[in-house]
Amino acid sequence: MTQISQFVRRAVQTGADKLATVCGDRRRTWREFDDRIGRLAGAMHGLGFKPGDRIGILSLNSDRYLECLFGQSLGGFVFVPINTRLAPPEIVFWLVDSGCAALFVDDAFVPVLPRVLPDTPDVRRVVYIGEGASPPDLVDYEKLLAGATPFADSIGENNDLAGIFYTGGTTGRSKGVMLSHNNIMSNALNIFPSTIADEDTRYVHAAPMFHLADNAMTYLVTGFCGTHYFMPRYEPVALMKVVEEYRINLLLIVPTMVNMLVNHPDVTNHDLSSVERLLFGASPMPEAVIRRAAELMPGVKFCHLYGQSEASPVLTALDPRYTCFEGPYAGRVKSAGRAVLDCEIRIHDEDDNEVPRGTIGEICARGPMVMLGYWKQPEMTAGTLRNGWLHTGDGGYMDEEGFIFIVDRVKDMIISGGENVYSAETEEALYSHPSVAECAVIGVPDDTWGERVHAIVRLKPGMRATTEELIAHCHTLIANYKCPRTIDLREEPLPLSGAGKILKTELRKPFWEGKEKRVN
C-alpha cells in the first residue's frame with residue numbers, strides 16, 4: 001500500500017525530535033509536524049469537507065504550505081497548488097475547473113480575494129495561513145488547528161487521486177495533471193540516486209512550492225528525515241544569506257535562478273561552501289552558466305533533471321560526473337541524462353515506432369510516475385497517453401549509451417525562466433485586443449530567461465496600437481511570465497501552410513539561425 005503520509009510516518013519513526021521545518025522564527029520537530037498535519041486533516045473533516053474534495057493553495061513558500069500539502073493528503077483531500085504568478089482570471093479558472101471547495105491563502109493573496117471569490121461559488125471556506133491577524137471573514141489557520149482532534153489514519157492510497165497540478169494548454173486552456181499517491185512516491189524514489197537525501201539534509205525551498213520541481217523534493221527530504229527551510233520567494237542575495245546562515249547542503253533551482261545567483265556581484269561575499277548538490281531542471285542550463293557555477297562552487301555536484309508535470313515530474317537525470325568539460329566523462333554536459341530507474345524511455349516517430357539511436361523523434365516514456373490523466377479532459381488524455389506511452393511533445397534523440405539530447409519541441413511551448421508558456425494562451429490574450437487581426441507567439445533565445453516570449457502581430461486595417469499597449473493588455477488577462485516581452489508589428493499577412501495554419505517554423509528561423517538546436 002502506497003500513501004503520501006508514509007513519508008511523514010518514516011520521518012517520525014526515525015527522528016521524531018529532529019528538526020523538521022525552519023521558517024523565520026518558527027522551528028518544529030517531526031513529532032510536532034505530524035501532530036499539526038493530523039489536526040489539519042481532522043479540522044477539515046470537522047468543517048464538513050469529504051475525501052476527494054479539491055483544496056486550493058495560493059501562497060508563497062512557508063512551513064504552513066508544507067503542512068497543507070501533507071495534511072490535505074492525510075485527510076483524503078486532493079490538493080491543488082495555484083501558481084502564484086497568475087492573473088485573477090486565471091486563478092478563477094483553476095479554482096472553478098477543479099471544483100475547489102476550499103482555499104488556503106497567505107498575506108500576499110488576501111488582496112486578490114475580492115477579484116476571485118465572487119466568481120468561484122464552490123469555494124465554501126477560505127483559510128488564512130499568513131503571519132498577521134486573520135481577516136474577520138477568513139478561517140484562522142492556527143485557531144483551526146488548536147481546536148481540532150488529530151486525524152490518525154490516512155485516507156487514500158495507491159492510484160487514488162492525490163493532487164492536481166495545472167500546466168498550460170496547447171489550445172489556450174490550462175490542463176489539470178492528475179497525480180496519484182503512486183505517482184508521487186515513484187518520483188521521490190526515482191530521484192533519490194541523484195539527490196542522496198538523508199537525515200543530515202538541509203534543503204531550502206527557494207523555487208516556488210506550487211511548482212512540481214520543488215514539490216518533488218518536498219517528499220524526498222521528508223521521507224529521509226531531512227530539514228526544510230523556506231524562502232517566501234526567490235531572490236539571489238536572500239538565498240546566499242540562507243545558505244550561509246543555515247549551512248544549506250541541497251538546492252534545487254531552475255537555470256534562470258542559477259544564472260542570477262552565480263552572476264550576482266555579491267556572490268563572492270557569501271560562503272556557499274556548505275552546498276553539496278545543486279539540482280536544476282525545468283529548462284536546459286547554458287554552458288556558460290554551468291562553467292561559472294563550477295568555478296564559484298568547485299565542491300558542488302551538479303545534476304540536470306528533465307521531465308514534465310505529466311511525469312510527476314522527473315524522467316531523466318544527468319549524473320553529476322557528466323557535468324564536466326574534460327576527462328573521460330566529458331561530452332555529455334548538454335545531455336538531459338538517462339532514464340531514471342523506474343522509467344522506460346523511447347524515441348518515437350510520427351507513427352509511434354521506435355527510431356534508431358541518434359535519430360530525432362518525440363521523447364516518449366512509461367512507468368509508474370506517469371500521470372493518471374488530465375482532469376476532465378479524456379480526449380486530451382487519450383492523445384497524450386496513446387499506445388501506453390506518455391508523449392512529452394519534446395523532440396530529441398538517444399545516443400548509444402542511452403543519453404537523451406533535447407533538440408526541439410513538438411508542442412508549441414516556450415520555456416521562459418523555468419516556466420512553461422503555451423503560445424496559444426498568449427495568442428488568445430492578444431486576439432482579444434480589438435486592433436489585432438492575426439498574431440503568432442514564439443520563443444526566441446534570451447540570455448537572461450533562456451527563451452523570451454515574442455509575438456508577431458498584424459493589426460486590422462485602419463486600426464492602431466503600440467507594442468506597449470498590446471503588452472499592457474495581455475497583463476490584464478494572463479500571468480506576467482506569459483506576456484510578450486517583445487512584439488514585432490507587421491503590415492503583411494503572416495506566412496501560412498497549405499492547411500491555413502501560421503508557419504511558426506518560418507517565423508522562428510531568423511532568431512535561431514546558427515544555433516544547433518531550437519531550445520535555449
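Modeller: What follows is a conversation about the terms used for this structure.

Modeller: This is a predicted model, in which local features need pLDDT of at least 70 and side-chain atom pairs count only at pLDDT 80 or more, while totals for chains, interfaces and linings use all residues. Residues are numbered from 1 along each chain as its sequence is written, and side-chain values use heavy atoms, with hydrogens and water left out.

Biologist: How do you know how many helices and strands the protein chain has?

Modeller: Helices (H or I, at least four residues) and strands (E, at least two) are DSSP runs, numbered from the N terminus, and the protein chain comes to 14 helices and 26 strands.

Biologist: What makes the radius of gyration of the protein chain agree with that of a compact globule?

Modeller: The radius of gyration is taken over C-alpha atoms, and the globule rule is 2.2 Å times the number of residues to the power 0.38. For 520 residues a compact globule would have a value near 24 Å, and the protein chain has 23 Å, so the two agree. Along the principal axes, the C-alpha atoms fill a box of roughly 65 × 60 × 50 Å.

Biologist: Why is arginine 36 called buried?

Modeller: Buried means under 20% relative accessible area, exposed over 50%, and partly exposed in between (1.4 Å probe, protein chains only). Arginine 36 has 10% relative accessibility, and therefore counts as buried. This arginine is found in helix α2, residues 30-46, and, not counting residues up to four places away in sequence, arginine 36 touches Arg28, Glu67, Tyr141, Glu142 and Leu145, where contact means heavy atoms within 4.5 Å. In the protein chain as a whole, buried residues make up 60% of the 520 residues.

Biologist: Is glutamine 13 buried or exposed, and what makes you say so?

Modeller: Glutamine 13 has a relative accessible area of 70%, and so is exposed. Glutamine 13 is found in helix α1, residues 5-15, and its C-alpha atom is separated by 9.1 Å from that of arginine 31, which is 18 residues apart from it along the chain.

Biologist: What makes α4 largely enclosed by the rest of the structure?

Modeller: Eight of the eleven residues of α4 are buried, so this helix is largely enclosed. Among the buried ones are Trp94, Leu95 and Ser98, and what covers the buried residues includes β3 (54-58), β5 (102-105) and α12 (423-431). Serine 98 belongs to α4 (residues 88-98) and counts as buried because its relative accessibility is 0%. Leaving aside neighbours within four places in sequence, serine 98 is in contact with Arg54, Val80, Tyr166 and Trp375. After α4 comes glycine 99, whose phi is positive, near 70°.

Biologist: How do you know how far helix α6 reaches, and what span is expected for it?

Modeller: The expected span of a helix is 1.5 Å times one less than its number of residues. Helix α6 (residues 181-195) has 15 residues and reaches 21 Å from its first C-alpha to its last, close to the 21 Å expected. Eleven of its 15 residues are buried, including Ile184 and Ala188, and the helix is followed by isoleucine 196, whose phi is positive, near 50°.

Biologist: Which residue caps the N-terminal end of α6, and how do you know?

Modeller: Serine 180 does, with a side-chain oxygen 3.3 Å from the backbone nitrogen of asparagine 182. A polar contact is a pair of N or O atoms within 3.5 Å; within protein, one must be able to donate a hydrogen and the other to accept it, and residues adjacent in sequence count only if both atoms are side-chain atoms.

Biologist: What makes a set of residues a nonpolar core, and which residues touch the most other members of the largest one?

Modeller: A nonpolar core is a set of buried Ala, Val, Leu, Ile, Met, Phe, Trp, Tyr and Cys residues joined through side-chain atoms within 4.5 Å. In the largest, which has 49 residues, Phe70, Phe104 and Tyr219 touch the most other members, and α2 supplies the largest share of this core, seven residues. Tyrosine 219, in helix α7 (residues 212-223), has a relative accessible area of 1%, and is therefore buried. Not counting residues up to four places away in sequence, tyrosine 219 touches Phe70, Ile184 and Ala188, among others.
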